[in-house]
Amino acid sequence: MSPTPLLAAVLVRGIVLFPDSGGRGQLCPISPDIAYTAAHVMGGSISGQWVSPTGGGQLTLISNDPKTDVAIGRSDKPFPFWYPRAKEPQVGQALWVSGWNVWAKDWYVSPGLYYGLDAEDEIAMSTPIHFGMSGGCILTEQEEAVGIVRGFLENHNGPYAVSYGKPLWRMAKKSKEVK
């Protein structure tokens with residue numbers, strides 16, 4: 001499975017977040033100044049610096065729910081790109097994840113298939129991910145954000161064979177998000 005040329009160009013654009021508490025993760029921008037990430041990426045911080053290949057800024061949380069592992073932040077500067085939210089994908093639909101691979105120290109693009117929602121209302125997909133990719137976008141071939149990366153399960157096929165994430169189409173749009 002290969003991304004379209006346009007999607008391939010989009011996927012190498014990533015945003016890395018450095019929370020004030022230390023650590024690293026990804027952001028999933030859904031508007032010029034609003035982004036989702038995994039709450040565990042924030043590590044208790046209420047803000048952090050974000051960087052992309054073309055700029056950077058300060059992200060301040062407007063919502064953080066450790067129970068669902070979802071955080072929403074507002075940037076002081078416009079993101080260089082953002083993704084509209086997707087509707088629920090079809091089982092078997094191709095999904096893509098892009099992020100900073102801490103082991104290879106380079107951008108990583110990972111294709112996979114949507115398996116559906118698990119019993120805990122998490123996206124289940126075959127898209128391999130690596131440490132440090134939490135909070136990044138799960139994208140469709142139409143460049144729409146389906147969800148955010150939360151983690152992976154290790155199984156008999158090796159690590160990273162099944163990944164999971166939070167579905168954006170199930171999250172209520174907050175009026176603060178779209179101002």
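# Rings, strands and cores in a predicted model

Reader: Are Trp-50 and Phe-79 buried or exposed?
Author: The model is a predicted one. Here Trp-50 and Phe-79 share one answer. Both residues are buried.

Reader: How many aromatic pairs does the count give?
Author: Ring centres must lie within 6.5 Å to pair. By this rule, the number of aromatic pairs is 2.

Reader: How do the rings of Trp-50 and Phe-79 count: stacked, edge-to-face or tilted?
Author: The ring centres of Trp-50 and Phe-79 are 5.0 Å apart. Stacked needs planes under 30 degrees apart, and edge-to-face needs over 60. The planes of this pair stand at 50 degrees, so the pair is tilted.

Reader: How many residues apart in sequence are the parts that Trp-50 and Phe-79 tie together?
Author: Trp-50 belongs to strand E5, residues 47-52. Phe-79 sits in the loop between strand E7 (70-75) and strand E8 (94-101). The pair therefore ties together parts whose separation in sequence is 29 residues.

Reader: What is the relative accessible area of Ser-52, and is the residue buried or exposed?
Author: Ser-52 lies in strand E5. Its relative accessible area is 13%. The cut-off for buried is under 20%. Ser-52, at 13%, is therefore buried.

Reader: Which residues does Ser-52 touch, leaving out those up to four places away in sequence?
Author: Ser-52 is in strand E5. With residues up to four places away in sequence set aside, Ser-52 touches Gly-14, Ile-15 and Pro-80.

Reader: How many strands are in the chain?
Author: The chain has 2 helices. Its strands number 13.

Reader: How many bridges join strand E1 to E5?
Author: Strand E1 covers residues 16-19 and runs antiparallel to E5. Val-16 stands opposite Val-51 in E5. The number of bridges joining E1 to E5 is 4.

Reader: Which residue in the hairpin of E1 and E2 takes a positive phi near 100 degrees?
Author: E1 pairs antiparallel with strand E2 (residues 25-26) through 2 bridges. Leu-17 is placed opposite Gly-25 in E2. The hairpin has 5 residues between the strands, and the residue with this phi is Gly-22.

Reader: How many bridges join E5 to E6?
Author: A hairpin through 2 residues connects E5 to E6. Gln-49 stands opposite Gln-58 in E6, and Gly-48 has Leu-59 as its bridge partner there. E5 and E6 run antiparallel, and their bridges number 6.

Reader: Which residue in the turn between E6 and E7 has a positive phi of about 65 degrees?
Author: E6 and E7 pair in the antiparallel sense over 6 bridges. Ser-63 has Ile-72 in E7 as its bridge partner. The hairpin of E6 and E7 has 4 residues between them, and the turn residue with this phi is Asp-69.

Reader: Is Glu-143 buried or exposed?
Author: Glu-143 is found in the loop between E11 and E12. It is not a glycine, yet its phi is positive, at about 60 degrees. Its relative accessibility is 18%, so Glu-143 counts as buried.

Reader: What is the relative accessible area of Asp-121?
Author: Asp-121 is in the loop between strand E9 (106-117) and strand E10 (123-125). Its phi is positive, about 65 degrees, although it is not a glycine. Asp-121 is partly exposed, with a relative accessible area of 28%.

Reader: Which residues touch the most other members of the largest nonpolar core?
Author: This core has 27 residues. The elements that give it two or more residues include strand E4 (34-37), helix H2 (39-42) and strand E12 (145-155). The members asked for are Leu-17, Leu-27, Cys-28, Tyr-36, Trp-50, Phe-79 and Leu-168.

Reader: What share of the chain's residues count as buried?
Author: The chain has 179 residues. The share that counts as buried is 52%.

Methods: Residues numbered from 1 in each chain as written. Predicted model: local features only at pLDDT ≥ 70, side-chain atom pairs only at ≥ 80, totals over all residues. Heavy atoms only, no water. Phe/Tyr/Trp six-rings, centres within 6.5 Å; stacked < 30°, edge-to-face > 60°. Buried < 20%, exposed > 50% of the residue type's maximum accessible area, 1.4 Å probe, protein only. Contact = heavy atoms within 4.5 Å. Core = buried A, V, L, I, M, F, W, Y, C linked by side-chain atoms within 4.5 Å. Pairing = 2+ DSSP bridges.
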